[in-house]
Amino acid sequence: MHLLAVRSPFLIVAVALALALACGCAGSSGAESRANSRSGPPSSVIPVVASTNVYGNVVEQIGGAKVKVVSLIGDPAQDPHSYEASTQNRLALSKAKVVVENGGGYDDFVGGMLRSVENSSPTVINAVQVSGMASGKASKAGGQLNEHVWYDLPTMGRLADRIAAALAGAAPADSEVFRHNAATFKGKLAVLEKTEKQVRAGHEGAAVAVTEPVPLYMTEAMGLRNKTPADFSQAVEEGSDVSARSLQQTLTLFTDQQVKALVYNKQTAGPQTEKVKAAAEGSGIPVVAVTETLPRGEDYLSWMNTQIHALKSALDR
């Protein structure tokens, strides 16, 4: 009893302190809870799948931090025509709210994958349909649709608006952000279009050769003539053998100085295109490299700017 009587004042103080601390913590927790309630939960990002990193990057420029983009083809060393679906890509596609594909037969695997993962809810944007090229206003290569519409700058401007609208449909509260970013993107496209017009003013009618139809929208915007035999570039694009006659006609373009530049798709190079490249270099004809997907360290606008100015420099020589 004596020991308990001596210690009781200390016990009372300790209990009081504990109660005070408990009340303080409860008050702090309540304040934090009220603050979190006022600010609301963090907004979720929109899952987007793009067939290539070209379209994926455009989505990122328009959506910013409000999108999470998976590009099915993103390796600049990979031939887009030999794509094989991975489990991770199928999973991403099954959750996507927006899907951006090229269309025109370029990336038919997207539609097949969408059907296999049974995702019927995403907004699917087809760049060829946006371009209007499939309805007969297309740049033609050997009488066929040239599906490489990302080299057509006006198409990419329309695509930016369509992407902004699709993202706004998924996140209406952020629609103004998406529209603003699309307008900024189109403003930068306008600068590139101005450069193409400058090239046209100085070199309209100049002849060039290409290994594939990939850059033809760009060369046509510059007013350049493609002198490559149609069956040569078509065979290269389809991965089939080029006839000896067609190959010789193409090589003659350089040995006879019939063209001012060779626009060379380095992403799908092979023995025959390498022979063409060597003939151009051996004849002092500038070779301008292009690709189908973004090189590392580039975004869509910087990539296009690099290629447009490379061709301009070749023609100015």
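**Ground rules.** Residues are numbered from 1 along each chain as its sequence is written, and side-chain values use heavy atoms, with hydrogens and water left out. In this predicted model, local features need pLDDT of at least 70 and side-chain atom pairs count only at pLDDT 80 or more, while totals for chains, interfaces and linings use all residues.

**Overview.** I found twelve helices and ten strands in the protein chain (DSSP runs: H or I of at least four residues for helices, E of at least two for strands, numbered from the N terminus). Of its 317 residues, 45% count as buried (under 20% relative accessible area; exposed is over 50%, partly exposed in between; 1.4 Å probe, protein chains only).

**Helix 12.** I looked up residues 300-316 and which of them are buried. Among them are Tyr-300, Trp-303, Gln-307, Leu-311 and Leu-315.

**Salt bridges.** I get five (a side-chain nitrogen of Lys or Arg within 4 Å of a carboxyl oxygen of Asp or Glu). One joins Asp-174 and Lys-66 at 3.4 Å, N to O. Asp-174 sits in the loop between helices 6 and 7, and Lys-66 in the loop between helix 2 and strand 2, so the pair ties together parts 108 residues apart in sequence. Asp-174 is buried at 15% relative accessibility, while Lys-66 is partly exposed at 26%.

Definitions and conventions. The expected span of a helix is 1.5 Å times one less than its number of residues.
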